[in-house]
Structures are given as C-alpha cells and as structure tokens.
Amino acid sequence: MKITDTNSWRLLILITLASALIAETGGATPGLILLICAAVVLKGQLVIDVLMALRTSHRAIRAPMLAYFYVMMPLLALGLLFPEWLERLTTL
Amino acid sequence: MSTASLATEIDSAAPRHRSVPGSIAVWVLIYAELSEFALFFLVYLVTRAHNTELFAAGPAQLNILAGTLNTLILVSSSFCVARAMKAIQRNERRACIRWLGLTIACGAAYCGIKGWEYLWNEAQGIHARSNLFFTLYYYLTFNHLLHVLVGMATLIWLTLRTWLGSYDAEDHEGLENGACYWHMIDLAWIILFPLVYVMG
C-alpha cells in the first residue's frame with residue numbers, strides 16, 4: 001500500500017499523541033517500553049520512506065538511515081529493560 | 001564490452017544515481033550528526049543504568065506538554081518541507097516558498113516552546129546541575145535546539161535563493177540538501193522525545 005505524505009503526517013501525529021498519553025498516565029512498564037520503541041521505529045520509517053522520499057532511493061543511502069532505527073531502538077529497549085546488565089557491563 | 005551494452009548499463013545506472021536526494025556531502029554530514037546523537041543516546045542509557053531511581057523519577061518532573069507540542073511541530077515541519085520539495089519538482093516556486101515559510105515558522109515555534117519549557121523548568125527549581133538526569137536532559141535538548149537553529153538559518157537562505165529563482169524543477173539540489181538536513185533534525189527528536197520525556 002502506498003502511503004501519501006499527508007496520511008504519513010496524520011499517522012505521525014497520532015503516534016505522537018498516543019506516546020504523550022502514555023507519558024501522562026504514569027510509569028513505563030516493560031510492555032509499554034517495547035510498544036513505544038516499536039512506535040519510534042514506525043515513525044522513523046514513515047519519515048525516511050515517505051517524507052524524505054527515500055523508498056526508491058539508492059540502498060546505500062536508505063539502508064543506513066533505516067538501520068539507525070532498526071538497530072538503535074532494540075539497543076535502547078535492551079538498555080532500558082535490563083539496566084542492571086548494562087551497569088555490570090559498564091562498571092570498571 | 002560493446003559500446004551498446006555499455007550505453008545500456010549507463011542508462012540503467014543513471015536513474016539510480018538521480019534517485020539520491022541531495023549531494024553526497026550532505027549525506028556525510030547527516031550520518032555524522034546522527035552518529036553524534038547516537039553517542040549521546042548511548043551515554044544517556046549507560047548513565048541511566050548506573051542511576052536507575054534518579055532517571056525513573058526524572059520524566060515526571062518534565063513539562064510533557066512542551067515536549068509533545070514540539071514533537072507535533074517538528075513532525076509537521078517535516079511534512080511542510082516535503083511539500084516544498086514536491087512543489088519545486090512541479091516548478092511551482094510560489095507554493096515552494098509558502099511551504100518553506102511554514103517550515104521556518106514551525107522551527108520558530110519549536111524555539112519559542114523550548115524557551116518557555118526552560119523558563120518553566122527554572123520556575124520549578126530545575127537546573128542543569130540539579131542532578132545527572134537534568135544535566136543530560138539539558139545537554140541533549142540544548143544540543144538539538146542548536147541544530148534546529150542551524151536548520152532554520154539554512155532554510156531562510158534557501159527560501160531567499162528560491163525567491164531569487166535559483167531553483168527549478170530540473171535543478172534544486174541545494175534545496176534537497178537543506179530539506180534532508182531538516183528531516184535529520186526531526187529524526188533525532190523522534191528518538192529523543194520518548195527516551196527522555198516518556199521512558200526516562
């Protein structure tokens with residue numbers, strides 16, 4: 001399905017408002033952290049593919065941009081969900 | 001290799017080359033900037049791992065409304081700059097200038113809200129030296145604000161050049177460079193907002 005830039009913008013607004021609602025309702029549980037990380041990946045992909053119009057661009061440009069979200073967000077999720085593991089790993 | 005097959009190869013390679021928006025220089029800059037933000041995010045994560053209670057309490061003290069408004073504004077500004085690119089591709093210079101103007105207005109609104117947020121923090125007794133969470137919060141958000149200011153200055157210059165007729169449907173690489181840089185600023189905020197304001 002081809003998403004237009006207007007629909008992409010609407011979806012981005014909707015995801016942002018949902019994230020803000022989560023922030024207002026209290027602490028982030030592990031499930032919510034995973035959900036928010038997935039939402040960030042989706043937002044990133046929408047901006048990269050639709051608004052930046054990189055969907056049909058050379059993969060040498062598009063792949064690192066997408067990888068930024070597909071690699072960074074799982075790493076952040078792991079760090080947020082298992083801080084004690086990260087603390088052990090980074091203690092000298 | 002025959003001349004005909006070489007010509008076919010060049011023809012098939014040409015559209016792929018053209019499909020890269022902006023110049024290679026701006027992509028090097030974008031990857032460098034995103035790497036810088038990635039490093040900050042990792043520093044935030046490691047610091048959080050060593051101060052979990054401090055960071056768990058941090059987001060609740062922040063102005064979520066300001067963070068949310070700024071996210072909505074930046075996302076909208078990305079949409080506006082994308083429409084400006086579509087307009088110049090159709091040779092609609094006036095429409096392009098209007099969309100660029102809206103993008104700059106979004107950037108100005110972002111700066112205004114960020115200023116209000118910092119003043120609100122001051123009133124709540126929140127400073128960069130209050131604790132480690134706020135030190136990193138100020139470091140990340142102020143650094144991002146500087147990028148927005150650089151992006152705005154670039155877009156003002158590009159709007160002026162568009163008004164002077166420097167860009168058209170065939171030649172608008174400079175405009176694409178500025179648009180890609182602006183999208184990068186939005187992408188960095190897309191990660192920064194939930195990391196600092198929501199998940200803590």
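**Model and conventions**

This is a predicted model: local features need pLDDT of at least 70, side-chain atom pairs count only at pLDDT 80 or more, and totals for chains, interfaces and linings use all residues. Residues are numbered from 1 along each chain as its sequence is written, while chains are lettered from A and ligands numbered from 1 in the order in which they are written.

**Confidence**

The complex gets an ipTM of 0.92 and a pTM of 0.90 from the predictor. pLDDT is the predictor's confidence in each residue, from 0 to 100. For chain B its mean is 90, with 91% of the residues at 70 or more. Residues 1-17 of chain B are the exception to that level: their pLDDT is below 50. Beyond near neighbours in sequence, this stretch has two contacts in the model. A contact needs C-beta atoms, placed from the backbone, within 7 Å.

**Chain B**

Chain B has seven helices and zero strands. Helices (H or I, at least four residues) and strands (E, at least two) are DSSP runs, numbered from the N terminus. The pattern along the sequence is α-α-α-α-α-α-α. The C-alpha trace of chain B spans about 70 × 45 × 20 Å along its principal axes. Of the 200 residues in chain B, 42% are buried. Buried means 20 or more other C-beta atoms within 10 Å of the residue's own, exposed means 12 or fewer, and partly exposed lies in between; C-beta atoms are placed from the backbone. Among chain B contacts between residues at least 6 apart in sequence, 81% join residues at least 24 apart.

**Interface**

On chain A, 34 residues are in contact with 38 residues of chain B. Four helices of chain A, α1 (5-25), α2 (30-51), α3 (59-81) and α4 (83-89), each supply at least two residues of the side that touches chain B. The largest share comes from α1(A), with 10 residues. By class, this side of chain A has 22 nonpolar, eight polar and four charged residues. Nonpolar covers Ala, Val, Leu, Ile, Met, Phe, Trp, Tyr, Cys and Pro; charged covers Asp, Glu, Lys and Arg; the others, Gly among them, are polar.
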